[in-house]
Amino acid sequence: MDRRTFMTYSAISLAGLAAQWAAVEPERLSSALGGKRVDGELVDRLEETSGRLTALPTEQRQQAVRLLDAHLVTVTELIEGGRYDETIGRRLHLLAANLATTCGWYRFDQGRHWAAGKLWGAALQSAHAAGDRDHGAGVLSDFAYQSNWLGEPKVSADRLGHALSGTRHPTARSLLFLRRARAHAALGERAACRRDLSAAESALAAGADDPAPGWCAWMSPADLAVDSGQCLLDLGRTAEARARIAEGIALLPRARGKTRGIFLTYQARGCLEADDIEQALAVTGESLDLATRIGAPRCVTLVRELAPAFEPYRRVDGVPEFLERLRAS
C-alpha cells in the first residue's frame, strides 16, 4: 500500500473521521492488497468511513476532498489486488461507484468537466460490475446534468431517456424526469417539459416501501419547486417561475448550502426579468456571500453570469458596488 495514502487518513481529524480505524486497519489492509482475502469486517469499516465523508456538509466535504480521493484509491486497489468472494466484490464495486460519483461532483463544481466525466465513467463501470442499475441510472443522469450545464440540452434529454429505463424507484424517477424537463425547457419544447414536470411531481408524491437510492435521497419538494421554476423562466413564464422558486427556497434545509446558493441565482434571474432590481441585488449578494464562505466555485460562476443583466441598472443604489465586487473577486 502507498503509505502516503494511509497517512492521509490518520492525519485528518475532521469530524473525528477514521481516527479509530487508523489504529487497527493498516495490517489488515496491507494484507488484502498483497493478494490475500478481503474480509467483510474491512469492507464494513470502509463503507462506514465513506458514509461519514459523503454525509459531511458541503463546506466540510470540500475541505475533505483529498481524503475522499485517497479513500477511492484504497478501494480501487483492493478491487484490483485483493481476493474476495462475489458478495464482497459487489460491495467493493458499489463503494467505488459511490466514491467516484462524489469525487466527480467535486470536480464538476470546480469547473473541471473532463475530470468529472472521467470519474463518472469509472463510477458507471463500477455500478455495472456491482449489478446496481439504480446507481448506473444516477451516474447517467449526472452526465446529463453536465451536458445541460455545458449548453447541450439535446444530449442531456437523450441520456436521461436511457437513465429512466434503468430505475424504478419513484424518487429516482422524479429526479430524472425533473432533469429532463430542464433540458426540454432549454430546447423550448413546452409540451415535453410540461409532461416531464407532471411526471416528476407524480413520482415524488408516490409512496415507496424501500428508501430512495443514496445518489438521489436528497431529492425533495424544494428541488422540484425550484427546478420547475427554472423551467418556467426558460419558457418565459416569469411570474409563475418566481413564485415556484421562492416556494422551493423556503422549503430547502439550511444544511444544503451549495444548493441554496445556486437556487438564489435562479431567484435573482427571475427578479431581473421582472425588473425587481433591488430584490435581485439582495439575493445575488446573498448567493455570492454563501458561495464564498463555503467554497462553491460553480455558484460563483452563476453569479458572474448575471453581471451583464445588472449593467443597465448602474444608477440603482448598490449595483455599481456589486459589479465592482464581482470584478475584484
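Helices are DSSP runs (H or I, at least four residues) numbered from the N terminus, and their axes are lines fitted to C-alpha atoms over the stretch in contact, with angles running from 0 to 180 degrees between N-to-C directions. The model is predicted, so that local features need pLDDT of at least 70 and side-chain atom pairs count only at pLDDT 80 or more, while totals for chains, interfaces and linings use all residues. Residues are numbered from 1 along each chain as its sequence is written, and side-chain values use heavy atoms, with hydrogens and water left out.

**View A. Packing of α16 on α19.** Helix α16 (residues 277–294) and helix α19 (residues 319–328) have axes 11 Å apart, at an angle of about 25°. The two helices are therefore roughly parallel (an angle under 35 degrees). Their crossing is left-handed, that is, the near helix is turned anticlockwise from the far one by less than a right angle. Contact (heavy atoms within 4.5 Å) involves I277, L281, T284, G285, L288, D289 and T292 of α16 and V319, F322, R325 and L326 of α19. These residues comprise 6 nonpolar, 3 polar and 2 charged; Ala, Val, Leu, Ile, Met, Phe, Trp, Tyr, Cys and Pro count as nonpolar, Asp, Glu, Lys and Arg as charged, and the others, Gly among them, as polar.

**View B. Packing of α13 on α14.** An angle of about 160° separates the directions of α13 (residues 221–234) and α14 (residues 238–251), whose axes lie 7 Å apart. The pair is therefore roughly antiparallel (over 145 degrees), and α13 passes α14 in a left-handed crossing. Residues of α13 in the contact include L224, A225 and L232, and those of α14 include A241, I245 and I249. By class, the contact has 11 nonpolar, 5 polar and 3 charged residues.

**View C. Crossing of α13 and α15.** The axes of α13 and α15 come within 11 Å and cross at roughly 35°, in a left-handed crossing. Among the contact residues are D223, D227 and Q230 of α13 and F263, Y266 and R269 of α15. The contact divides into 5 nonpolar, 3 polar and 5 charged residues.

**View D. The second largest pocket.** This pocket has a volume of about 470 Å³. Of its 18 lining residues, W149, R182, Q230, Y266 and L302 are the closest to the centre. Helix α9 (133–149) gives the most to the lining, with 4 residues. Other elements giving two or more residues include α13, α15 (257–273) and α17 (297–305). The lining holds 8 nonpolar, 5 polar and 5 charged residues. A pocket is an open set of points on a 1 Å grid over the protein atoms alone, where a 1.4 Å probe fits, with protein on both sides within 12 Å along at least five of seven lines; lining residues have an atom within 4 Å of a point. The volume is the space filled by probe spheres set on the points, which are joined across faces, edges and corners.

Note on methods
Angles under 35 degrees count as roughly parallel, over 145 as roughly antiparallel, 65 to 115 as roughly perpendicular and the rest as oblique.
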